[in-house]
Amino acid sequence: MKELNRTNFDLPRYPERILQIGEGNFLRCFIGWQVDILNEKNGLNAGIVVARPIDTEMPPPLTVQDGLYTTLLRGYDEENQLRNEKRIVSSVTREISIYKEYAAFLELAHNPELRFIFSNTTEAGIAYSDADRFDDAPPATYPAKLTRFLYERFTAFDGAGDKGFILFPCELLDYNGELLKEYVLKYAKQWNLSADFTSWLEEANTFCSTLVDRIVTGYPKDEVAELETELGYHDRFMVTGEYFHLFVIQAPGWVGEELKLDGSGLHVEIVDDLKPYKQRKVGILNGCHTALTPVAWLCGIEYVKDATSDPQLESYLARLLDQEIIPCLPLPVDELKPFADSVIGRFKNPYIKHKLLDISLNSMTKFRTRLLPQLLRYCEDQGRVPQLMTLALAALICFYRGELNGQSYVTRDDQPFLDMYRELWGEAGMGPVDLETATAIARKVLSLDRHWEAELLKIDGLCEQVAGFIVSITGKGMRETLAEVL
C-alpha cells in the first residue's frame with residue numbers, strides 16, 4: 001500500500017501565509033480543512049506552517065507525510081441526509097517544534113507573506129505567568145511565546161503597519177481574542193518592551209474572538225485497516241469528525257474579505273458580538289447534553305445516539321427545546337430552531353459513540369452554566385417552574401446515587417459534591433424515598449448558593465417539584481416518571 005506524500009500524490013503547494021499554533025486533531029479537522037476548501041474554491045492561496053507549542057515528539061511531525069493528511073467527515077447534513085466525505089488536506093506545508101526549533105519559529109516572523117495566526121493550545125494554554133522571560137527559549141505560556149514572536153515581527157519590519165497579523169484563537173474560552181490580547185500586552189509591559197511596540201500591537205494587529213463547533217473524534221484506530229483499504233494508501237494522521245461545523249468570528253467585516261469567505265459554502269460567520277451565539281451553543285447543544293444525560297442514563301441507556309433514537313427520550317428533548325430552552329435564549333426563534341434541529345441530528349450521528357458517563361463529568365457545574373440561566377429566565381418570564389428542566393435537575397440528583405438496578409457506576413465531580421451526595425444517599429438508601437426525605441435532599445442541593453450563584457430555595461415551587469420528582473424516580477423509575485410528565 002502506498003504512502004500518503006507529495007511524491008505519490010500530485011497536490012498543490014501554497015505559499016506560507018498562515019501560522020497555526022497547535023498540531024492536534026481539532027485544528028487539523030477544523031481549520032486545516034476549511035483553509036483547504038478556501039484554497040481550492042476561492043483562491044485564498046494560503047499554506048499553513050504548524051508550530052507545535054509543547055515539548056514532545058509524539059506523535060511525529062506532519063512533515064513526515066509532507067504535511068498531508070485525510071479528513072473523514074460523517075453525519076447528517078442540513079437536509080437530514082447521512083454524509084460520508086473524505087478529503088486529502090494539502091494546505092499544511094510543514095510542522096516545526098517551538099521547543100526543538102525555536103530559531104526556526106522566530107524566523108517565520110520574517111516572512112512578509114505571513115498574515116494569519118490560528119491557535120488551539122487548550123483552555124489552559126491562554127494563561128499568564130510572571131515567571132516567563134523575554135530571553136527564554138521559549139517562554140512557557142502560549143501568550144508569552146506569541147508576544148516574543150510578535151516582537152520579532154515588529155523588529156524585522158521596523159514596525160510597519162501593514163505587517164501585523166489577524167489572530168484567531170480557537171481555545172474554548174469566552175472572548176478568547178480579548179483575553180489573548182490582554183496577556184500579550186501584559187507581557188509587553190512586564191518585559192519593558194517599547195511604547196512603539198505596544199502601539200503596533202494595538203494598531204496593526206487584529207485579535208478576533210471566536211466560537212468553534214465541531215466534534216472531532218480523532219484517529220479511527222478501530223476501523224483504520226478497513227478505511228486504508230478503501231482509500232488505497234497509508235495515512236498515520238487520518239482524522240475523523242462530524243459533518244457539522246460552525247466557526248463564529250467576532251471581527252470587522254473586512255476580515256471575512258481577507259479570508260475570501262464569500263461563496264465558499266463554509267459555515268463561517270463574521271459577527272459584531274459572540275455572546276448570543278455562545279448562549280445559543282451552550283443553551284441548546286450543551287444544555288441538551290446536560291439535560292439528557294442523567295435522564296437517559298436512569299432509563300438504562302449508555303450512548304447519546306441511542307438516547308435520541310428512543311421515542312420517549314426524543315419526545316422529552318423536543319419538548320424541552322421547544323417549550324423551555326428556545327423561548328429563554330436571546331436570539332430570534334427562526335435562528336434558534338434550525339440550530340436546534342441540527343443539534344438533534346448531531347446527537348443521532350451513528351459514527352460518534354458519545355458515552356453519557358463521559359458527558360456526566362462535573363455535571364453540577366455543567367447544570368449551573370448550561371441550564372440554570374434558562375431555568376431562571378423561564379421562572380421570571382412565566383411565573384412558574386419549568387417542568388422538564390426541573391425533572392433534569394431531579395434526575396441529576398438521583399444520578400449521583402451511583403447505583404442503578406443494583407449495579408454501581410462511577411460519578412465524577414469535584415470532591416465536595418461527591419462527599420455531599422455520598423452522605424445524602426447513604427442516609428436515604430438506594431430504594432424508594434418518601435417525600436420528607438426527598439425534600440431534605442432537594443433542600444440541601446438547592447441551598448448551595450455559592451455554587452449556583454443564585455438563591456434557588458427562594459424560587460417558589462422549585463424545591464417542591466424537585467422533591468416530587470425524586471420520589472417518583474426512586475419509586476416508579478425514570479421511564480414511568482417520564483411517561484407521566486410527557
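The bend at a residue is the angle between axes fitted to the seven residues ending there and the seven starting there. In this predicted model, helix α1 bends by about 25 degrees at Gly-32. The helix covers residues 25–42, 18 residues in total. From first C-alpha to last, α1 reaches 24 Å, close to the 26 Å expected at 1.5 Å a residue. Gly-43 follows α1 and has a positive phi, near 70 degrees.

Helix α1 is largely enclosed by the rest of the structure, because 14 of its 18 residues are buried. Buried here means under 20% relative accessible area.

Two cavities of 30 Å³ or more were counted. Helix α1 gives the largest share of its lining, four residues. Strand β14 (246–250) also supplies at least two. Among the lining residues are Ile-31, Gln-34, Val-35 and Leu-38. An α-helix has 3.6 residues a turn, so residues three or four places apart point the same way. Phe-118, Phe-247, Ile-249, Leu-259, Leu-261, Leu-266 and Val-268 also line the largest cavity. By class, its lining has ten nonpolar residues, one polar and no charged.

The second largest cavity holds about 60 Å³ of space. Helices α9 (304–307) and α11 (333–347) each supply at least two residues of its lining. The lining residues include Val-304, Lys-305, Arg-346 and Phe-347. Ile-215, His-289, Asn-349, Ile-352 and His-354 also line this cavity. Its lining divides into four nonpolar, three polar and two charged residues.

Terms used:
Residues are numbered from 1 along each chain as its sequence is written. This is a predicted model: local features need pLDDT of at least 70, side-chain atom pairs count only at pLDDT 80 or more; totals for chains, interfaces and linings use all residues. Side-chain values use heavy atoms; hydrogens and water are left out. The expected span of a helix is 1.5 Å times one less than its number of residues. Buried means under 20% relative accessible area, exposed over 50%, partly exposed in between (1.4 Å probe, protein chains only). On a 1 Å grid over the protein atoms alone, a cavity is a set of points where a 1.4 Å probe fits but cannot get out, and a pocket is an open set with protein on both sides within 12 Å along at least five of seven lines; lining residues have an atom within 4 Å of a point. Grid points are joined across faces, edges and corners, and a volume is the space filled by probe spheres set on the points. Ala, Val, Leu, Ile, Met, Phe, Trp, Tyr, Cys and Pro count as nonpolar, Asp, Glu, Lys and Arg as charged, and the others, Gly among them, as polar.
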